[in-house]
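Here are my notes on the model, point by point. Please read them beside the coordinates.

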Amino acid sequence: MKKFLVENLSVRYSDDNESLRSINMEIEANAITVLFGPAGGGKSTFLRVLNRLNDLADVKEMKGQVLFNGVNILDPNLDVIDLRRKIGMVFSRPVPLPLSIYENVAYGLRMAGERSKAKLDDAVEKALRLSVLWDEVYDRLDASGYAISGGQQQRLCLARVLALEPEVIMLDEPTSALDPVSTSKIESLLIELKEKYTIILAPHNVQQAARVADDAAFFLMGELIEFSSGKEMFMTPKDKRTQDYVMGRFG
Ligand SMILES: Nc1ncnc2c1ncn2[C@@H]1O[C@H](COP(=O)(O)OP(=O)(O)OP(=O)(O)O)[C@@H](O)[C@H]1O
Ligand SMILES: [Mg+2]
């Protein structure tokens, strides 16, 4: 099933530079789609479009259409809060809230008006189990969200997103601040989570892209140069520019 259908999407922050140029892409449900390519290619801009975070940046012009479950999410009348609940986002540096581990995970549900202690307890445990953090923190849920390692903090941020039962999880270089062991934990976790969620990842390097991609999109200076299965992209890329980047000749 297609989760997103992106048609002729163009974004510019200023007159002289188009940050995304007429992007067409289909994003599959229950798969990991990676967006990769050199700095400034438009990966983060693309992710921000999908949950309307660009509303908060100074985008000058946005054209085209993005259908999410068949609904155009660029429609100015769209309920953005509802959209962001369905499409969770994890950023590159884990930023726990200055609250306990428990409250970090319960935060979104409390904001949404949930008051029942039993329901919150259940949701917190479920999200921490899904993010494979439960076994490491169940006996200190009242400790500060900062009192755990960087890798654990990133899984805590993921648990905060999962607690809201989203349909899509987007991650923008989620392991760029992590050591190899934590990185590998997050990667295996994403591979498990794709059974239930649609995952869109801007990986922190080509190796990570190749390890996890079901589908891969190569972005270069605002253009989508190539889109294919991960296997094709990293074994037999078609475009010369993709080949050069994948082989490590530039970037
Ligand atoms: N808030 C902003 N205001 C103005 N220009 C921006 C803004 N965000 C991004 N840009 C520009 O848009 C282009 C794409 O940037 P973007 O951050 O989407 O690239 P990226 O592929 O995520 O890069 P990186 O690998 O460094 O994270 C760049 O030219 C960048 O300078
Ligand atoms: Mg980026």
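1. Which residue just after α1 takes a positive phi? Arg 52 does, at about 60°.

2. On provenance: this is a predicted model, in which local features need pLDDT of at least 70, side-chain atom pairs count only at pLDDT 80 or more, and totals for chains, interfaces and linings use all residues. Residues are numbered from 1 along each chain as its sequence is written, while chains are lettered from A and ligands numbered from 1 in the order in which they are written.

3. Helix α1 spans residues 43–50 and is mostly covered, with 7 of its 8 residues buried (20 or more other C-beta atoms within 10 Å of a residue's own, C-beta atoms being placed from the backbone). The buried set is Lys 43, Ser 44, Thr 45, Phe 46, Leu 47, Val 49 and Leu 50. Helices here are DSSP runs of H or I with at least four residues; strands are E runs of at least two, and both are numbered from the N terminus.

4. Strands β1 (residues 2–14) and β2 (residues 17–28) run antiparallel, joined by 8 bridges. Two strands pair if DSSP finds at least two bridges between them. With 2 residues between them, β1 and β2 form a hairpin. Phe 4 faces Ile 27 in β2.

5. Strand β9 (residues 215–220) pairs with β10 in the antiparallel sense over 6 bridges. There, Phe 218 stands opposite Glu 226 of β10.

Definitions and conventions. A residue is buried if 20 or more other C-beta atoms lie within 10 Å of its own, exposed if 12 or fewer, and partly exposed in between; C-beta atoms are placed from the backbone.
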